[in-house]
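Colleague: I am new to reading protein models, and I would like to go through this one with you. Could you take my questions one at a time?

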Amino acid sequence: MADMVHTAHSPALVHQFETKEQQHDAGSLGMWVFLATEIMFFGGVFMSYIVYRALHLEAFIQGSHFLDVTFGATNTAVLICSSLTMALAINAAQTGKSKSTIITFLGLTMLLGAAFLFIKFAFEWTHDWTEGLVPGLHFTYSGPHAPGVELFFCFYFFMTGLHALHMVIGLGILATLTVMAYRGRFNSDYYAPLEVSGLYWHFVDIVWIFLFPLLYLIGGRYGGGH
Amino acid sequence: MSEHIVPVKNYVAVFLSLLFLTGLTTKVAFIDLGQTAIGKTHVIDWNTVAALVIAVVKMLLVVLFFMHVKYSPGLTRLVIAAGFFWLAIMIALTLSDELARGWTGTPQPWSLLLPIFHPYL
Amino acid sequence: MSTAVADVHEVPVGSHVNYLNASYGIKSWLFTTDHKRIALLYLASITFMFFIGGTAAVLMRIHLIEPQGALVQPETYNKLFSIHGIVMVFFFLVPSIPATLGNFLVPMMIGARDLAFPKLNLLSWYVYIVGAIFTLYAIISGGVDTGWTFYTPFSSLYSQTHVIATALGVFITGFSSILTGLNFIVTIHKMRAPGMTWFRLPLFIWAMYATSVIFILGTPVVAIAMFLVGLERLLHVGIFDPAVGGDPLLFQHLFWFYSHPAVYIMILPAMGVISELVTCFAKKRIFGYSIVAFSSMAIAVISFLVWGHHMFVTGQSVYAGLIFSVLSFLVAIPSAIKVFNWTSTLYKGSISYEAPMLYALGFIGLFTMGGLTGLFLASLATDVHLSGTYFIVAHFHYIMVGGAVMGYLGGIHFWWPKITGRLYPDAWARFAALVVFVGFNLTFFPQFMLGYLGMPRRYAVYPEEFQVLNVMSSAGASILGVGYLIPLIYLIWSMRYGPAAGPNPWGARGLEWETPSPPPTENFEEIPVVTEEAYNYTGARQTLG
């Protein structure tokens, strides 16, 4: 097996492991356990959101109507594309494609991730700021259910902000992977960092898959929101 | 170790399904699917149900195929299941408080002898 | 009668290359990735934090000698009990056994060279230190007065103290626990030596595994709770403010979802230690190995289902209260099962009374008392009377101090020869254990009575009729304090002047005892192959070494 073969570009087995397979398995399990913590981390905020939505439904519907579904749906599509390109980057390494193929896919993933953040910050959040919908900093809405709408926006900014923070960290990880790929570190025998980072990236995508309907869509859009 | 290499066309198929489901959930949000009353004070909002069901399907596609869980060992599935199970516990037991707070009335002396009547019954 | 006698043929300490002398200098310690060195880094840090938290307790007990308070203003008293709780829970008890004994022993007990992710291990220590610095900064600049529970809306809207800095410190330190738990889970799954099946693992490892499950699944939620409180304070938004539709109880749900399992983080490792001590000092197999292992896992799971018992009198739904009460009774069962197993292990064992065993015996008695009193609190009706009183304080101190701290001290003493290669003076150690036991009971038993009679907790003043019991409690605290200082002295002394310990001064079973004391950096020359069950004591006293 390729266990003990160290090609010129794959790192040596680190000392605490006995085989490359053990090292790879441990890395994957470690990332999955970390994702379990992330489920509970985001889960805490999701739970709080669910509680307040149940208690203040009208206010939350009102707040949700201020969000732009087009931007939200576009961002969802952007992230789904980025998950595809991430999966293709790993696939490229697995199937022994050239390092420029891997770098291309990683680069596309980063570009899409950056596009997501751009849409969110440059379009959505600045719009919310000018509309006076930022709790604690610039909140001027005084229509019906104002306290509940402010509560909605607390959670909107907290949840999308936490998600965006995870995206930024993900971009940092992708940049590191790109440098590693450029140095020829990945091949069909060694691609564990790509795989493990892919798990993280897909998880962040899944969080958004739930954020989009919960924040943008649930709330009787059929009533005439834009 | 997931030696299993997923063919690119499978990835593309999953990708297209995800895009389709995103479009679907967006479209459906603008259609009134109605509500069904349960008991005297609660309703099931079918729009919410639809959106969540679609989201869960999208998640499953990403988890099983992009994250290779379909080809992963049982331990991975156990970790994922544990994460979601614990989340479910947290939400369910917290909601058991938050939603049930108004269910008990002011205690009267005679109610010590009778079962507490629930608003539904 | 036995005292641990060094094997006269053993070479003096330090003459073989071990993890302590393999490299020198501050950088070799601050940049180490050796799990054994990291364990010692943690040991120093948590000992420091223990004395900070202990100082707050000493000041409280001095203050409570008089009904109108003998020492500080009420506002300061509020800060003292808050600091005591925050430091002791988050910075001492939660990391105590896992980060010191766990880090040191997990790889050795399973026959591995290190944990799965040594650099993450070092990172976890640095994260702990950063969190501790934030909290110490908060303490030095005036402290916090919300109680360790940070209840809203007081903490988020009304408190005039350094809530954000403290909450941030707790938030950051939580990640240290998460990294440790992650490391342990992966290590135990993936790095066991050949032949080390799950049911040959020492029960300490099962305890570490169960504790790690709680670390992983609970800690992120308290992080969110701290974050939301900080956000509310910072931005003056009403997340937990009833006036704008927020729910203060939501904070409590988020907080206690972690903090109840957290108390099991604090006791499960100690239970793991007790299984090791009882088998070694009774020279007998554990009674019911798989039951004890499964009980550890059952405790980890059920502990997440009971948090509402901290909220019985908060206005929580009575129906939720019913559910939580029933589940709280359930969680007592696995703990009780373990006590039966330990006592059955002792029965007809060949018992010796070295210091670790004294701590273990103390644990069994005191934990049982603490656990039984928990049942009063799990019953909704009696909890209404006892909630917010000293009964609660006594209950959890019986478990946390009478249980967890004694388990910690027992473990430190038991593995001290392995960690340092030195023996400590056992006569002094036994004396200190007795002083701790007496001091502890004198401190906390009167508090059961005070609570039952109605003295509220967290109050700087109390009615005259409670003074006698309070003075007894304070007297006990002074004895307890002395009891903690004595080991500090002789353990540090032994590092320099203690006689050399052989590989196995206690005649114990386990892979860690098959290495030199102190062990080499790589733990094992060759990875061992395991063929025996755990605790393979034959009943006769083992030969030493």
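Colleague: Which residues have the most contacts inside the largest nonpolar core?

Modeller: This is a predicted model, in which local features need pLDDT of at least 70 and side-chain atom pairs count only at pLDDT 80 or more, while totals for chains, interfaces and linings use all residues. Residues are numbered from 1 along each chain as its sequence is written, and chains are lettered from A and ligands numbered from 1 in the order in which they are written. A nonpolar core is a set of buried Ala, Val, Leu, Ile, Met, Phe, Trp, Tyr and Cys residues joined through C-beta atoms within 7 Å, and a residue is buried if 20 or more other C-beta atoms lie within 10 Å of its own, exposed if 12 or fewer, and partly exposed in between, with C-beta atoms placed from the backbone. The largest core has 280 residues, and those with the most contacts inside it are Val33(A), Ala89(A), Ile205(C), Val221(C) and Ala225(C).

Colleague: Which element gives the most to this core?

Modeller: Helices (H or I, at least four residues) and strands (E, at least two) are DSSP runs, numbered from the N terminus. With 24 residues, the element that gives the most to this core is α9(C).

Colleague: Which residues does Ala89(A) contact, leaving aside its neighbours within four places in sequence?

Modeller: Two residues are in contact if their C-beta atoms, placed from the backbone, lie within 7 Å. By that test, the partners of Ala89(A) beyond four places in sequence are Ile102(A), Phe105(A), Leu106(A), Thr109(A) and Leu194(A).

Colleague: In what order do the elements of chain B run?

Modeller: Chain B has 3 helices and 2 strands, and buried residues make up 25% of its 121 residues. From the N terminus on, the order is α-β-β-α-α.

Colleague: How far apart are the end C-alpha atoms of helix α1 of chain B?

Modeller: The expected span of a helix is 1.5 Å times one less than its number of residues. Helix α1 (residues 8–29) of chain B has 22 residues and should therefore span 32 Å; the distance in the model agrees, at 32 Å.

Colleague: How wide an arc do the buried residues of α1(B) cover?

Modeller: Those residues are Tyr11(B), Val14(B), Phe15(B), Leu18(B), Thr22(B), Thr25(B), Thr26(B) and Ala29(B).

Colleague: Which element gives the most to the side of chain B that touches chain A?

Modeller: This contact takes 40 residues from chain B and 38 residues from chain A. By class, the chain B side has 29 nonpolar, 8 polar and 3 charged residues, where Ala, Val, Leu, Ile, Met, Phe, Trp, Tyr, Cys and Pro count as nonpolar, Asp, Glu, Lys and Arg as charged, and the others, Gly among them, as polar. At least two residues come from each of α1, α2 and α3 of chain B. With 14 residues, the element that gives the most is α3(B).

Colleague: Which element supplies the largest share of the side of chain C that touches chain A?

Modeller: Here the contact takes 31 residues from chain C and 28 residues from chain A. The elements of chain C that give two or more residues are α7 (163–190), α8 (203–235) and α9. The largest share, 8 residues, comes from α8(C).

Colleague: Is Ser177(C) buried or exposed?

Modeller: Ser177(C) is placed in helix α7 of chain C. Beyond four places in sequence, Ser177(C) touches Val94(C), Pro95(C), Phe215(C) and Thr219(C). Because Ser177(C) has 30 C-beta neighbours inside 10 Å, it counts as buried.
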